[in-house]
Amino acid sequence: SNLSEYSKFDHLLDDGDDDDASGGGGGNRIERAGADKHAAAPSAVGAAPPPGADATSDPTCIRTKMTKKNDDDGRYVFECDGRKIYEWEQSLEEVNMYIEAPPGVQASEILCNICTDWLQIGLRGSDRFFIDEKIFSKVKICDSSWYLDDGGVINIVLAKVFRGEAWESPLLGRKGGDGGAAGSQVVDPATKVEMQKELMLERFQEENPGFDFRGAQFNGSVPDPRSFMGGIGQGG
């Protein structure tokens, strides 16, 4: 199977052989009967990528874009070839990703490996991953987690090692951010400035709880929310 493309999540268990489609011999199908929809899967947080995992093959997916969902929502949407791959948002503390699971999939069927600098999302019983990529920056494994909500959306929490750091994307693409057709998922420079502004206002609000910074503007360039005025504290 080709790990270089964003295979449709609900097709991960198809091995591409005709005998599998007819119910014979594939061996990759998951038995869903009796599965607990919200049961926590065996912990994969901090697990190392399995031997042979290859996320650096030449990508076949060539049209990607990262856009803001809407003006009233802090989320951004990453699309590949016109298909939404995930939504995401960030705060001073963490990055949250939202991935739509295939219909009917239970939490116990989902494989989610959160490493210090790598993320894998797939289905148990498959030999490939829907997402298998380098994370934008380092995460604290002990504070990171995931769960499947009632709407069938996988919620992934990536705790930032560097509190206040402005992430330009949760992931660095199939080529680890080294360029190429799908080598980068980061936002454009103007959007990066907007993200820094949102984090700076969050920091101001945290450090000055008696004030309302909604709608505040900056004169000149937006400072780095992590290093401004001697650096950010560790919060509550």
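Y86, M97, I99, L119, I131, I154 and I156 touch the most other members of the largest nonpolar core, which holds 34 residues. Such a core is a set of buried Ala, Val, Leu, Ile, Met, Phe, Trp, Tyr and Cys residues joined through side-chain atoms within 4.5 Å. The elements that contribute two or more residues to this core are β2 (73–80), β3 (83–90), β4 (94–100), β5 (110–114), β6 (118–123), β8 (145–148) and β9 (153–159). Buried denotes under 20% relative accessible area, exposed over 50%, and partly exposed the range in between, with a 1.4 Å probe and protein chains only.

This is a predicted model, in which local features need pLDDT of at least 70 and side-chain atom pairs count only at pLDDT 80 or more, while totals for chains, interfaces and linings use all residues. Residues are numbered from 1 along each chain as its sequence is written, and side-chain values use heavy atoms, with hydrogens and water left out.

## Overall organisation

The protein chain contains two helices and nine strands. Helices (H or I, at least four residues) and strands (E, at least two) are DSSP runs, numbered from the N terminus. In order from the N terminus, the elements run α-β-β-β-β-β-β-β-β-β-α. Of the 236 residues in the protein chain, 42% are buried. Contact means heavy atoms within 4.5 Å; among contacts between residues at least 6 apart in sequence, 62% join residues at least 24 apart. The protein chain exposes about 11,900 Å², of which carbon and sulfur atoms supply 48%. Accessible areas come from the Shrake-Rupley method with a 1.4 Å probe, and for residues only the protein chains shown count as cover.

## Core and strand pairing

L119, one of the core residues named above, touches M97, C112, N113, I114, I131, D132, E133, I135, I156 and L171, not counting residues up to four places away in sequence.

Two strands are taken to pair if DSSP finds at least two bridges between them. β2 and β3 run antiparallel and are joined by five bridges. Within this pair, F78 has Y86 in β3 as its bridge partner. The hairpin of β2 and β3 has two residues between the strands, and D81 takes a positive phi near 50° there. β3 and β4 also run antiparallel, with four bridges between them, and a hairpin of three residues joins β3 to β4.

N96 is found in strand β4 and stands opposite E89. N96 counts as buried because its relative accessibility is 15%. Apart from neighbours within four places in sequence, N96 is in contact with E87, W88, E89, I156 and V157.

## Loop residues

E165 lies in the loop between β9 and α2 (189–207), and S137 lies in the loop between β7 and β8. The side chains of these residues meet: a polar contact of 2.9 Å joins S137 and E165. A polar contact is a pair of N or O atoms within 3.5 Å; within protein, one must be able to donate a hydrogen and the other to accept it, and residues adjacent in sequence count only if both atoms are side-chain atoms. The side chain of E165 also makes a polar contact with the side chain of W167, at 3.2 Å.

Leaving out residues up to four places away in sequence, E165 touches Q90, S137, K160, L199 and R226. With the same exclusion, S137 touches T116, F162, E165 and W167. The C-alpha atoms of S137 and L158, which are 21 residues apart in sequence, are 9.8 Å apart in space.

S126 is placed in the loop between β6 and β7 (131–134). The side chain of S126 reaches the backbone nitrogen of R128 at 3.2 Å. The C-alpha atoms of S126 and H11 are separated by 9.7 Å, although these residues are 115 apart along the chain.

## Cysteines and accessibility

The structure holds zero disulfides, a disulfide being a pair of cysteine sulfur atoms within 2.5 Å. C115 is in no disulfide, and the nearest cysteine sulfur, that of C112, is 9.4 Å away. The table lists the relative accessible areas of selected residues.

| Residue | Relative accessible area | Class |
|---|---|---|
| E165 | 18% | buried |
| S137 | 10% | buried |
| C115 | 9% | buried |
| C142 | 70% | exposed |
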